[in-house]
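Hello,

Have a look at it first, and then read on for what turned up.

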Amino acid sequence: PIKKMWGGRFEEGGDQLVDQFGASISFDQEMAKEDIMGSLVHVKMLKATQILPAADAEKIIAGLNELLTELKEHGLNFDVANEDIHMNIEALLTKKIGPVAGKLHTGRSRNDQVATDFHLYVKERLPKVVAAIRGLQGALVKLAGENVETIMPGYTHMQHAQPISYGHYLMAYFQMFQRDVERFQFNQQHTDLSPLGAAALAGTTFPIDREMTTKLLGFKQPYANSLDAVSDRDFALEFLSNASILMVHLSRLCEEVIYWCSYEFSYIELADAYSTGSSIMPQKKNPDMAELIRGKSGRVFGSLVGLLTTMKGLPLAYNKDMQEDKEGVFDAVKTILPSLKVMTGMMKTLKVNKDQMAHATHHDFSNATELADYLATKGVPFRQAHEIVGELVLKGVKTGRDLADITLAEFKQIDPRVEEDVYQVLKPAVAVQRRNSLGGTGFDQVRAQIAAAQQILAAD
Ligand code: ARG
């Protein structure tokens, strides 16, 4: 085992298995860029405050810049013996510029360093997540615009309930994703804080300038409390929580896509690119991508529960447990971004079988509420109207007759106030069009919703 950067107090050599077990370089190298950026800002501040002689600071800055270029051009070589990204970067810097590299860590600890890197990482990804959600919202709004008057069954309990507009259905998902956007944007407020300068836990005796490092790192403000700065992982928990809710939405949408492209429904057909075949059954066209997104929700929820559990009993301030905070977040980023992009493409390319959707509303008695409402407007108390229509449905189910098959004479027997116009009301498309209460499925309402959504997207 090699000599540790913190090895002064130790007498015995390490244990290889323990070193491996304690190391985080296998995954925290994901924050290599953030780590170098954080160090660059830190050393610039050390120079400006004259904590370090300018000449030393310049050497460190030049070395870090070289590392940054190398990282971008061909990547850096890390060694598990150096434990984590922070000590690996410092080791590489030392190799480059010699022992003066050791001055970089003045007035800093790995505790504020790792927190800084992690904030930078999440802060940079949040707008990408929002942009990806915006892309999906755009696809939903477009498809909704083409399907305002596409009639489909609306379901409760997976049973036909009332006919609705497919555009209205799509806009329901737009609204869910809108809340996701808002949650991720709020998440940014709690991520846009600089922990740098909190040092190990208590601040430092060096006359550091936290305002300067905050500004140079592009953070809105510094953490007000050094203990909080190094102990806080709320921003990561919020990210995982927001990502989990987002995955719930994607998963529900996928569930319906999967049902709806089945033979029984045949409401939609996925583009070939978003489907896969079977190695044995030649006729198959499977909605694998929708299933995969639905399935991937599990790992994101797992990461949330994992980090909540890791954090829940931790005393202040830093504890090594917190090294477990990163992989779930990295994984969530790498799960939700492609999930959103694949979902967007899927929605952009799917084919809507408008006739099949509309057909499904024709003999399903989903106009029963219309008839009950009609009778109620003629003065029949709604409870009584409900009972009457229920009996008509029962009779219809037994005799194979729809409500629209009932003759006017038969209707007159039920209530003499029923007129010819009842047949108009019983048409599914008319039923949808007439649900014009605010936020309802009526065509005008759906159009208004789409217009408002377009404004939100355009303002972004
Ligand atoms: N690799 C560590 C982590 O990810 C960095 C911070 C280590 N600090 C410490 N005092 N051991 O959490």
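Which residues does the UniProt annotation "domain: Argininosuccinate lyase C-terminal" cover? According to that record, an unreviewed entry, the domain takes in residues 365-432. Please keep in mind that the model is predicted.

Over residues 365-432, the chain is 65% helix and 0% strand.

Now to a pair of helices. Helix 14 spans residues 368-377 and helix 15 spans residues 382-399; they pack at an angle of about 140°, and 8 Å separates their axes. That angle makes helix 14 oblique to helix 15. The crossing of helix 14 past helix 15 is right-handed.

Which residues meet there? From helix 14 come Ala368, Leu371, Ala372, Leu375 and Ala376, and they meet Phe382, Ala385, His386, Ile388, Val389 and Val393 of helix 15. Of the residues in this contact, ten are nonpolar, one is polar and none is charged.

Is Ser244 buried, exposed or partly exposed? It is partly exposed, because 18 other C-beta atoms lie within 10 Å, and a residue needs 20 or more to be buried. Leaving aside residues up to four places away in sequence, Ser244 touches Val300, Phe301 and Leu304. Ser297 is 53 residues from Ser244 along the chain, yet their C-alpha atoms are separated by 6.9 Å.

Enjoy exploring it!

Best wishes

Definitions and conventions. Residues are numbered from 1 along each chain as its sequence is written. This is a predicted model: local features need pLDDT of at least 70, side-chain atom pairs count only at pLDDT 80 or more; totals for chains, interfaces and linings use all residues. Axes are lines fitted to C-alpha atoms, for helices over the stretch in contact, and angles run from 0 to 180 degrees between N-to-C directions. Helices (H or I, at least four residues) and strands (E, at least two) are DSSP runs, numbered from the N terminus. Angles under 35 degrees count as roughly parallel, over 145 as roughly antiparallel, 65 to 115 as roughly perpendicular and the rest as oblique. A crossing is left-handed if the near helix is turned anticlockwise from the far one by less than a right angle, and right-handed if clockwise. Two residues are in contact if their C-beta atoms, placed from the backbone, lie within 7 Å. Ala, Val, Leu, Ile, Met, Phe, Trp, Tyr, Cys and Pro count as nonpolar, Asp, Glu, Lys and Arg as charged, and the others, Gly among them, as polar. UniProt positions are given in the numbering used here, feature names are shortened, and annotations may be inferred rather than shown by experiment. A residue is buried if 20 or more other C-beta atoms lie within 10 Å of its own, exposed if 12 or fewer, and partly exposed in between; C-beta atoms are placed from the backbone.
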